[in-house]
Amino acid sequence: MSSEHLPNYLRAHRKWSALSQDEVAFILDCQSSKTVSRYERYDRQPSLETALRFEALFGIGLREVFAGMFEQGEKIVVRNMQLLFEKLRAAPRDPRTARKIRVLGSFLEKKRHVLVGPRR
Amino acid sequence: MMEKEKVLALQPSSQGVGFAVLAGAESILDWGVKRTRSGNKNANALKVVQGMIQHYRPAVIVLENHSSVGSRRQPRVQRLMDGISRLAAKYRIATCRFSRAQVRKAFAFAGARTKQQIASVVAERFPELAPQLPPPRKIWKSEDHRQSTFDAVSFALTFYEAKRTQQRAA
């Protein structure tokens, strides 16, 4: 539990920038500072539009600002990729299926660290 | 893409709880003072700490060793620190305690000995904290409540320093 990423780092980035929640709400054209507070406390997920505004504000990619959320999403995608890959391998082969297997196999190779965990 | 282990350092005082969350000695995620001025201060402070544990999921909680020689923490704060240790155990989080002497030793490289000097070194290391650096304390004034934030950071940095020393020795 210790080395997991937090769902998001909005609070850290805001504090590094010395901005108040009110100021962030104003910059993002959000309803109020309460909305920003809910994002920071993980009580509410920002819409894609708001998330991109956060990226524009802090100048850091979404996968870094929302690191924990990204990791969680990546695990789901890789797990489902693996399931589809195995299903396709068991299915009768045609050129299209063969192509899918090749593409998924190559994606899975790149994402192997997600399944086996990172090297320490 | 794993993060370094998160440390929650807490410095309870008569006015509230100073806190700092670090993910490695170079990265500070959150800091400040949670004021607990009315009612049952310890119960309120423990609620605040529980909230922080749930939010940050730290690997270690760092506190001052109130039973070390020279520690002058008031009995209520000592009980609060023990309460925090019990809370940490409930969440299966390790607790580390350091004495002020250990903190001074960790900051000896910068020639800092007093709390004010150590706070200045912390503010240099983390410029985002600099606006909160309290002015030098007058002898007739009580300690600025913001000092507990810097104390919490200094405890967290002492933890990383102790860990580094341990790793070097191994």
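Predicted model: local features only at pLDDT ≥ 70, side-chain atom pairs only at ≥ 80, totals over all residues.
# Exercises: salt bridges and contacts

Residues are numbered from 1 along each chain as its sequence is written, chains are lettered from A and ligands numbered from 1 in the order in which they are written, and side-chain values use heavy atoms, with hydrogens and water left out.

**Exercise 1.** Find out which parts of chain B are tied together by the salt bridge of E26(B) and R125(B).

*Solution.* Step 1: check the distance. The closest N and O atoms of E26(B) and R125(B) are 3.2 Å apart, and a salt bridge needs a side-chain nitrogen of Lys or Arg within 4 Å of a carboxyl oxygen of Asp or Glu. E26(B) sits in the loop between β2 (16-23) and β3 (28-35), while R125(B) is in helix α4 (residues 115-125), so the bridge ties together parts 99 residues apart in sequence. E26(B) counts as exposed at 62% relative accessibility.

**Exercise 2.** Compare two salt bridges of chain A: R11(A) with E40(A), and R53(A) with E49(A).

*Solution.* Step 1: take R11(A) and E40(A), whose side chains meet at 3.6 Å, N to O. R11(A) belongs to helix α1 and E40(A) to helix α3, 29 residues apart, so this pair links distant parts of the chain. E40(A) is buried, at 3%. Step 2: take R53(A) and E49(A), with 3.0 Å from N to O. They sit four residues apart in helix α4 of chain A, so about one helical turn separates them. R53(A) is partly exposed, at 31%.

**Exercise 3.** Describe how chain A and chain B meet.

*Solution.* Step 1: count residues. In contact (heavy atoms within 4.5 Å) are 21 residues from chain A and 19 residues from chain B. Step 2: get the area. About 1800 Å² is buried, with carbon and sulfur atoms giving 56%; this is the accessible area (1.4 Å probe) that two parts lose on being put together, summed over both. Step 3: look for charge pairs. The rule finds two salt bridges across the interface, and K15(A) meets D30(B) in a salt bridge of 2.8 Å, N to O. Step 4: see who supplies the chain A side. Helices α1 and α6 (67-90) of chain A each give at least two residues, and α1(A) gives the most, with four residues.

**Exercise 4.** Work out what surrounds D151(B) and whether D151(B) is buried or exposed.

*Solution.* Step 1: locate D151(B), which is in helix α5 (residues 147-169) of chain B. Step 2: check the surface. At 2% relative accessible area, D151(B) is buried. Step 3: list the partners. Leaving aside neighbours within four places in sequence, D151(B) is in contact with Q11(B), R100(B), K115(B) and E143(B). Step 4: pick out K115(B). Its side chain and that of D151(B) are joined by a polar contact of 3.1 Å, a term for a pair of N or O atoms within 3.5 Å; within protein, one must be able to donate a hydrogen and the other to accept it, and residues adjacent in sequence count only if both atoms are side-chain atoms.

Terms used. Buried < 20%, exposed > 50% of the residue type's maximum accessible area, 1.4 Å probe, protein only.
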